[in-house]
Amino acid sequence: MNEKKEPILRAENISITFGGLKALDRVSLEINPGEIMAIIGPNGAGKTTMLNIINGFYKPDEGRIIFEGKERPKKMKPNLIAAQGIARTFQNLALFTGMSTLGNIMVGRTMLMHSNIFSQALYWRFSQKEEIEHRAAVERIIDFLQIENIRRTPASMLPYGLRKRVELARALAAEPKLLLLDEPMAGMNLEEKEDIARFVLDANEELGYTIALIEHDMGVVMDICDRIVVLDFGEKIAEGTPDEIKADPKVIKAYLGEAGG
Amino acid sequence: MFYRECGNYKDTYAKDMAIFPIPLDRYGFIVMLILALIVIPLIATDYWISSIMIPFYCFALSAFGLNILAGYAGQISIGHAAFMAVGAYASLILYGRYGIPLLPSILGGGIVSAAVGTFFGLPALRIKGFYLAISTLASQFIIQWVIVHWRWVSGGVFGTVEAPDMQIFGWALDTPVRKYYLALCIMILLITIGKNLVRGQLGRNWMAIRDMDYAAEIIGVNLYRDKLIAFAVSTFYAGIAGSLITFCYYGAANIEEFHVMVSFALIGMIIIGGLGTILGSFLGAGFFVLLPIAINQSLGAFMDVVPSDILSNIEAIIFGGLIVLFLIVEPYGMARLWHTIKDKMRLWPFPY
């Protein structure tokens with residue numbers, strides 16, 4: 001159980017600068033297979049920047065990313081990184097608003113579909129079979145996240161909480177090896193938070209996904225995560241299990257300020 | 001009342017994903033097919049067939065091509081008439097000068113147009129919105145200029161290439177009805193293919209690019225490839241439509257028929273008809289092709305009272321006014337209006 005496994009993703013000495021601002025300064029972190037890892041920190045600490053680097057949205061100025069033991073080339077396009085098996089959700093929703101819930105989730109499977117344009121044009125044997133197979137897989141995810149009733153609703157008509165859930169569904173549909181969630185519970189009420197927390201745990205335990213998430217709700221983070229990395233002003237100030245983080249004086253200082261410590 | 005999903009149970013995904021999952025829609029479509037294939041050729045006059053229905057089909061096809069690009073993939077093109085011209089000239093040259101059979105020539109026109117369109121789609125990899133609009137507007141003028149000034153293509157500064165008599169397998173396409181069938185069959189075939197494309201994986205990728213391009217890329221959509229495919233498919237449709245309208249209606253490729261105003265009309269068609277819908281392409285083409293004729297006919301009664309130059313101005317004013325009116329009534333186009341009507345029918349006789 002406790003044997004040391006090779007991490008699925010290792011980021012080494014990542015630095016990135018925007019204009020004059022050093023958003024990340026030599027941050028290293030590891031994500032181990034099968035765990036739920038949280039990245040926390042005050043606003044502007046560089047958490048989302050870190051996720052953006054992991055899935056290739058930004059290119060780091062320095063440092064390297066090793067995914068499944070292979071170093072990532074410097075300029076790799078995000079869609080190829082997605083093809084390697086990294087999916088994510090966004091902090092401020094990025095659903096395809098003109099499409100139905102079903103369409104949104106089907107887009108999540110685009111990398112797993114292989115019929116070419118001519119076969120699709122005729123919608124013949126292979127293409128139709130593939131379409132139906134993936135539809136069935138999407139239905140399983142819809143069932144898992146309990147969004148059957150909004151299957152055909154355009155994403156633009158969904159309330160905020162459900163949009164977040166559809167976005168999670170879209171990321172799950174890609175069957176990623178590593179799932180990045182950027183504030184999956186932001187702006188939700190207690191009940192919705194509990195639902196999402198349950199889905200995250202189930203995705204981890206039942207479906208076996210490795211998850212890295214950013215979240216501001218400390219209660220949730222402490223409850224569901226195996227390991228926590230704390231960032232502050234672009235630097236990693238602590239790493240460990242929830243209990244270790246709770247007791248870490250540096251973390252307390254970052255969150256509560258000097259006097260509070 | 002008459003139009004319901006109720007009691008229409010689907011027990012396989014294949015049935016759920018059919019083009020017309022609701023029976024009434026299916027019957028409606030079959031009725032339209034019978035109308036187009038049998039009734040119209042039987043009852044319509046030659047004038048109706050060759051100067052109204054054939055242009056209507058060709059513009060619907062071209063509008064659908066533009067709809068793939070603008071309505072589904074979210075990339076604008078203000079140079080679509082130029083791609084119709086490319087298809088028209090290419091297929092005429094293939095057929096008339098090199099003696100390649102008619103159908104391969106028309107296909108060739110589409111392919112040449114797609115190649116040119118893909119080239120002019122390259123800026124879309126880096127720019128979007130208004131900037132892309134301007135760069136495609138440039139494509140209109142570049143293509144126009146090249147066609148007029150490249151003697152090998154246009155055979156002189158008039159930019160006109162005559163269409164020879166058409167034959168398929170030795171069977172002459174000389175009457176309007178035969179030309180009508182040629183245009184109709186190719187149109188139906190291509191619309192079916194297009195429908196399959198937009199409801200499949202490629203269509204979803206296009207819509208994802210349209211709605212949120214970075215999210216699409218993060219989930220694994222190859223932005224560059226799929227944008228270029230959208231340009232290729234869209235201009236392929238434009239090329240086929242251009243070559244059909246030249247063979248079946250104009251009778252000669254003339255650059256004046258593919259002027260920038262035609263490009264604007266095509267954009268008008270998809271906006272009035274409904275972006276991102278197939279029905280909208282037809283409604284929009286109908287609006288732009290049939291409505292001016294209808295206005296003209298109905299104003300004919302005033303011919304004796306009002307001078308004809310004022311009458312033609314009134315025509316244009318009414319047409320422009322109707323465009324504005326439709327956009328105010330339903331900004332999402334006539335296709336959305338149709339959906340609203342269907343929703344109302346579903347709930348009838350109760351208002352909600």
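**Chain B against chain A in a predicted model**

Across the interface of chain B and chain A there are eight residue pairs in polar contact, both residues at pLDDT 80 or more (a pair of N or O atoms within 3.5 Å; within protein, one must be able to donate a hydrogen and the other to accept it, and residues adjacent in sequence count only if both atoms are side-chain atoms). The model is predicted, so that local features need pLDDT of at least 70 and side-chain atom pairs count only at pLDDT 80 or more, while totals for chains, interfaces and linings use all residues. Residues are numbered from 1 along each chain as its sequence is written, chains are lettered from A in the order in which they are written, and side-chain values use heavy atoms, with hydrogens and water left out.

**Interface**

- In contact with 38 residues of chain A are 30 residues of chain B, where contact means heavy atoms within 4.5 Å.
- About 3,100 Å² is buried between the two chains, 63% of it from carbon and sulfur atoms (accessible area, 1.4 Å probe, lost on being put together and summed over both parts).
- Of the area that chain B buries against chain A, 25% comes from Arg204(B), Ile218(B) and Ile219(B), more than from any other three residues.

**Salt bridge**

- One salt bridge is counted between chain B and chain A (a side-chain nitrogen of Lys or Arg within 4 Å of a carboxyl oxygen of Asp or Glu).
- Arg204(B) forms a salt bridge with Glu131(A), and their closest N and O atoms are 2.8 Å apart.
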